Amino acid sequence: TTEPFGNNERLTLLRSGLQLNWNLTADGRWSAFSQLALDYEVETNMNFPIDDRAGAVASAAIVRQIARGKRVQILLDRFQNMNDDRSRNSVTLIGVIDF
């Protein structure tokens, strides 16, 4: 859906969930995780014209630990809102460098 928001979005979200992690290799360089969470938008200015505040998030990712403090992951998410007005899928490539 096209969402008519400007440059000043406001969102307060409560999330409760469970995350499971697995090492795929003995050295820990490859791992995977999955997550299931429930969301509720407590306060938002993004609920007009769509007011669908409660939903679930299902995620899965594969992670490559390149070196200490450096990793790359591919994350798949499914956001499913209760009224199905704002449900969507996403694929995200994330690079992390800790300083």
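Which residue forms a salt bridge with Asp39? I looked this up in a predicted model. The partner is Arg15, and the closest N and O atoms of the two are 2.6 Å apart.

Entry 1: I placed both ends of the pair along the chain. Arg15 sits in strand β1 (residues 11-23) and Asp39 in strand β2 (residues 30-44), so the bridge links distant parts of the chain, 24 residues apart. Asp39 has 13%, which falls under the 20% cut-off, so Asp39 counts as buried. I searched for other salt bridges as well, but the structure holds one.

**Entry 2: aromatic rings.** I looked for aromatic pairs and found zero. I did find a charge placed over a ring: Arg88 lies over the face of Phe79, at 4.2 Å from the ring centre.

**Entry 3: the nonpolar patch.** I went over the surface for nonpolar side chains. Leu18, Leu20, Trp22, Leu24, Trp30, Ile62, Ile66, Val72, Ile74, Leu76, Val91 and Leu93 form a patch there. Together they have about 1,200 Å² of accessible area. I noted which strands contribute: β1, β3 (54-67), β4 (70-81) and β5 (88-97) each supply at least two residues of the patch.

I took Leu20 as one member to check. Leu20 is found in strand β1. At 42% relative accessibility, Leu20 lies between the 20% and 50% cut-offs and so counts as partly exposed.

Technical notes
Residues numbered from 1 in each chain as written. Predicted model: local features only at pLDDT ≥ 70, side-chain atom pairs only at ≥ 80, totals over all residues. Heavy atoms only, no water. Salt bridge = Lys/Arg side-chain N within 4 Å of Asp/Glu carboxyl O. Helix = DSSP H or I, 4+ residues; strand = E, 2+ residues; numbered from the N terminus. Buried < 20%, exposed > 50% of the residue type's maximum accessible area, 1.4 Å probe, protein only. Phe/Tyr/Trp six-rings, centres within 6.5 Å; stacked < 30°, edge-to-face > 60°. Lys NZ or Arg CZ within 6 Å of the ring centre and 35° of its normal. Patch = residues over 30% accessible without salt bridge, like charges linked within 9 Å, V, L, I, M, F, W, Y side chains within 5 Å. Areas by Shrake-Rupley, 256 points an atom, 1.4 Å probe, with all protein chains shown as cover.
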